[in-house]
Amino acid sequence: MAKTTRTNGSAKAKEHGEPVFVVKRATKFGGLDYIHISLIILVVILIGLAFALSTYKDNVIIKNCEYGIANATCLQPTYNQSDAIGSAERILASYSSSTGSISIVPYYSLVNESKASYIPSSNSWLVEFPYVDPLDNNTVFNASMLLNGSTLQLEGSFLGIPRPKSLTQNKVVAEGAIAIDGKTACNTTEPIPVYSITDPYATGSLGSLADGINASSKFGNKINVSYYFIYTDPSIALYGKYGIGKTQALGEYLFCASKQPGKFGNFTSIVRGEFSGTPLLNITLNDTAIEAGMNMSEFGSCLSNSPIALDYQSRLAAYYNVTQTPTYIVNCRYQTLPETLGNAINYSLEHNIASK
């Protein structure tokens, strides 16, 4: 019987000259062979690569960051440019109650040209605004304020403007016009009221009355000017030498003369020629009223009631917190100087409900 010989695969492969692959088990890895281990490692690498690709982002290029960049993101200050300029306008209005020439700066500031820049390094706002100096041939200067970025409180001011003695919530809204906080327009139809408030002994007071008279002529039936006379430090300084009655007589006569508008200009013009800074005699004031062509019957009736009327006028001045004169209040809301009265009236008329 013939003997059968078994030949394994390796032997057959050798007979035919084929390559032989020997796969060994990796006994330390649960019986897996090295090929399967390699495949598992490859799958893990591919999964990791896929995850990395899914989370990868190109470098973000930040553009148009209005207030600057920090840590690859646009800065977002607590307040914006409009807030900073608004706060600066309120601070600026506070200078109107200062003493000296600095008090006129709010009325000659060109707030419509204000600019605000955010400073990230100090978290502050720099607000710049031009103003006209009427004492220097109307030369235009630039002033600036540094405001805290978190509170918008004044941190510093530049170009010769010190801090105001006290801050108000009033706001400079236009050249020559300060909006008084808490006060609203008292007329929605024309004519709008205009109040001239002055101490008759304050510097420039008698001359300032002409600004009201001229405004009445210029704006016609669009405004109604009335005149208020109060007694502040300039008058009080004269009480000791001349007495209260004699000192206040000038205010009483001016008040009654203003009640006859057609003659008021004549009266003030004559008084200015006679006035030297001290109280005028009653007889002099009476003669002036006659010379100005006043209706003396009406004038005398007014004089008898003038103390009560002037007391009311002082209360109105206190209501508007008027501490320095001469000043004008336009449409119950805007405070201005005699020299900038026209600007304030124009602004009020433009923003009056009835004029829209």
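Let me start with a term: on a 1 Å grid over the protein atoms alone, a cavity is a set of points where a 1.4 Å probe fits but cannot get out. Grid points are joined across faces, edges and corners, and a volume is the space filled by probe spheres set on the points. Lining residues have an atom within 4 Å of a point.

Now the ground rules. This is a predicted model, where local features need pLDDT of at least 70, side-chain atom pairs count only at pLDDT 80 or more, and totals for chains, interfaces and linings use all residues. Residues are numbered from 1 along each chain as its sequence is written, and side-chain values use heavy atoms, with hydrogens and water left out.

First, the cavity. How many cavities of 30 Å³ or more are there? One. The largest cavity holds about 40 Å³ of space. Its lining is Ile85, Ala88, Glu89, Leu92, Val111, Ser114, Val127 and Phe129. Two elements give two or more residues to that lining: helix H3 (81–94) and strand S4 (124–133). Helices (H or I, at least four residues) and strands (E, at least two) are DSSP runs, numbered from the N terminus. H3 gives the most, four residues.

Next, salt bridges. The term means a side-chain nitrogen of Lys or Arg within 4 Å of a carboxyl oxygen of Asp or Glu. The structure has two. In one, Lys171 meets Glu89 at 3.5 Å, N to O. Lys171 sits in strand S7 (residues 171–174) and Glu89 in helix H3, so the pair ties together parts 82 residues apart in sequence. Buried or exposed? Here buried means under 20% relative accessible area, exposed over 50%, partly exposed in between (1.4 Å probe, protein chains only). Glu89 is buried, at 11%. Lys171 is partly exposed, at 27%. Remember that Glu89 also lines the cavity.

The other bridge joins Arg315 to Asp311, with the closest N and O atoms 3.2 Å apart. Both residues lie in helix H9 (residues 296–319), four residues apart, about one turn of the helix. Arg315 is exposed, at 58%. Asp311 is partly exposed, at 37%.

Ser306 is buried, with 0% relative accessibility. Its side chain reaches the backbone oxygen of Leu303 at 2.8 Å. What does Ser306 contact, leaving aside neighbours within four places in sequence? Glu252, Phe255 and Cys256. Contact here means heavy atoms within 4.5 Å.

Conventions:
1 Å grid on protein atoms, 1.4 Å probe; cavity = no way out; pocket = protein on both sides within 12 Å on 5 of 7 lines; lining within 4 Å. Polar contact = N/O pair within 3.5 Å; in protein donor to acceptor, adjacent residues only side chain to side chain.
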